[in-house]
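Open the model in your viewer and keep the selection panel at hand. Each stop below tells you what to pick and what you will find there.

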Amino acid sequence: MILPLNMEYIVIGDVHGCIDELKTLLAKQKFYCNKNNLIQINQHNKNKSIILLGDFIDKANESKLKETIEFIYNNYYHLNQQQKHLYLVLGNHEDMVYRYITNDPSLEITPKTIRDREKYYNTVSLLEKDSSLKEKFIKLYKKCRVWFYYNYNKDFSVTLTHAPCLEKHLREVDKESKSKMIKCTSRSENPQISLDELIPFTHLEAKDNQHYHIFGHLSQTTIRQYKNKICIDTSAIYGGMLSCAIIRKDKILFDSVPFEHKQQAGKQHDSKLFDFKR
Ligand SMILES: [Mn+2]
């Protein structure tokens with residue numbers, strides 16, 4: 001999970017089946033596809049790697065979800081042949097869908113989990129009627145890692161996880177820490193509480209240094225940064241943008257592309273992170 005320092009990293013937040021936007025954003029970063037949708041390594045991108053920050057499935061329509069899984073699957077094996085160019089971070093959606101489709105005994109079947117499966121995890125029914133896609137998803141799931149760490153020097157580092165979490169869990173390997181790096185307290189189950197109240201550690205632990213924590217998971221209208229905490233989930237599937245953080249030596253840059261309306265956008269009420277009065 002330690003990232004080599006000789007590469008630049010394009011870290012892309014919650015794709016949720018926004019395959020068209022993913023290809024557009026990758027092309028802006030010099031990753032072009034051939035006619036078979038395989039990304040070509042060339043002199044402009046040979047020192048760059050792509051990191052998908054979790055939640056590449058669910059919420060989108062089925063044909064876009066299928067396209068997304070096949071694109072990531074084909075390119076995972078294509079891009080990583082000689083040198084690693086594509087990394088996958090585990091999101092709560094990959095984790096839950098995997099538990100549903102493998103009948104994980106720890107996932108109790110209750111009216112709520114049956115309802116949630118329809119409401120939040122629509123990739124499950126797609127995979128259950130497409131066994132070859134299911135096999136591809138399972139292989140990708142097993143390639144996902146909970147965190148990655150880019151430790152440039154004593155003054156600059158970046159930890160990548162899907163969800164924000166307490167610092168004590170960062171880069172740990174115990175079961176509780178892993179689950180905290182994948183998912184934080186549910187916003188949908190606490191709609192009356194602002195995000196800054198729901199997960200106050202995110203700003204209370206923030207520091208004015210360059211040891212960054214970049215995460216997604218909490219869809220926002222814009223990239224949200226407070227000190228060394230950065231959220232790059234900019235609501236692509238809700239009609240917003242798909243964004244990336246670019247880690248280049250000891251700098252972080254950002255880029256975004258808008259939703260392309262090639263599928264129906266989802267609906268969600270905003271709750272801004274880092275919206276407190278300073
Ligand atoms: Mn998530």
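Leaving aside its neighbours within four places in sequence, which residues is Leu-242 in contact with? Select Leu-242 and look around. The contacts are Ile-12, Val-15, Cys-18, Glu-21, Leu-22, Leu-25, Thr-234, Ala-236, Ser-256 and Val-257. Keep in mind that this is a predicted model.

**Stop 1: the whole chain**

Zoom out. The protein chain has 9 helices and 10 strands. Its radius of gyration is 18 Å, close to the 19 Å that the globule rule gives for 278 residues, so the chain is as compact as a globular protein of that length. Along the principal axes, the C-alpha atoms fill a box of roughly 50 × 50 × 35 Å. Of the 278 residues, 37% count as buried. Now consider contacts with a separation of 6 or more: 65% of them are between residues 24 or more positions apart.

**Stop 2: the sheet E3-E2-E1-E9-E10**

Select strands E1, E2, E3, E9 and E10. They form an open sheet of 5 strands in the order E3-E2-E1-E9-E10, with mixed pairing. Strand E3 (86–88) and E10 are the edge strands, and each pairs on one side only. On average, neighbouring strands of this sheet are turned by 20° against each other, direction ignored.

Go to strand E1, residues 8–12. On one pairing, 5 bridges join E1 to strand E2 (residues 48–52), and the two run parallel. On another, 4 bridges join E1 to strand E9 (residues 241–248), and these run antiparallel.

Pick Val-11. It stands opposite Ile-51 in E2, and its bridge partner in E9 is Ala-245. Move to Ile-12. Its bridge partner in E2 is Leu-52, while Cys-244 stands opposite it in E9.

E1, H1 and E2 make a right-handed β-α-β unit.

**Stop 3**

Follow E9. Of its 8 residues, 6 are buried, so E9 is largely enclosed by the rest of the structure. E9 is joined to strand E10 (residues 251–258) by 8 bridges, and the two run antiparallel. Find Arg-248: it stands opposite Lys-251 in E10. The hairpin has 2 residues between the strands, and Lys-249 takes a positive phi near 50° there.

**Stop 4: the nonpolar core**

Which residues have the most contacts inside the largest nonpolar core? Select Val-11, Ile-12, Ile-51, Leu-52, Leu-160, Ile-214 and Leu-242. The core has 66 residues. In soluble globular proteins, nonpolar side chains tend to be buried together.

**Stop 5: the sheet E4-E5-E6-E8-E7**

Now hide the previous sheet. Show the open sheet of 5 strands with the order E4-E5-E6-E8-E7, also of mixed pairing. Why is one side of E4 and of E7 left without a neighbour in the sheet? Strand E4 (147–153) and strand E7 (224–226) stand at the edges, each with a single partner strand, so one side of each has no neighbour there. Neighbouring strands of this sheet are turned by 15° against each other on average, direction ignored.

Centre on strand E5 (residues 156–161) and strand E6 (residues 211–215). They run parallel and are joined by 4 bridges. Ser-157 stands opposite His-211 in E6.

**Stop 6: helix H3 and its surroundings**

Select helix H3 (residues 92–101). H3 is mostly covered, with 7 of its 10 residues buried. These are Asn-92, His-93, Glu-94, Asp-95, Met-96, Val-97 and Tyr-98. They pack against helix H5 (123–128), helix H6 (131–143) and helix H7 (175–182). Just after H3, Asn-103 takes a positive phi of about 50°.

Step across to H5 and pick Ser-125, which lies in that helix. Ser-125 is partly exposed, with 14 other C-beta atoms within 10 Å. Last, draw a distance from Ser-125 to Gly-216. C-alpha to C-alpha, they are 25 Å apart in space, and 91 residues apart in sequence.

Technical notes: Residues numbered from 1 in each chain as written. Predicted model: local features only at pLDDT ≥ 70, side-chain atom pairs only at ≥ 80, totals over all residues. Pairing = 2+ DSSP bridges. Axes fitted to C-alpha atoms, helices over the stretch in contact; angles between N-to-C directions. Buried ≥ 20, exposed ≤ 12 C-beta atoms within 10 Å, placed from the backbone. Right-handed = clockwise from strand over helix to strand, strands pointing away. Rg over C-alpha atoms; globule rule 2.2 N^0.38 Å. Contact = placed C-beta atoms within 7 Å. Core = buried A, V, L, I, M, F, W, Y, C linked by C-beta atoms within 7 Å.
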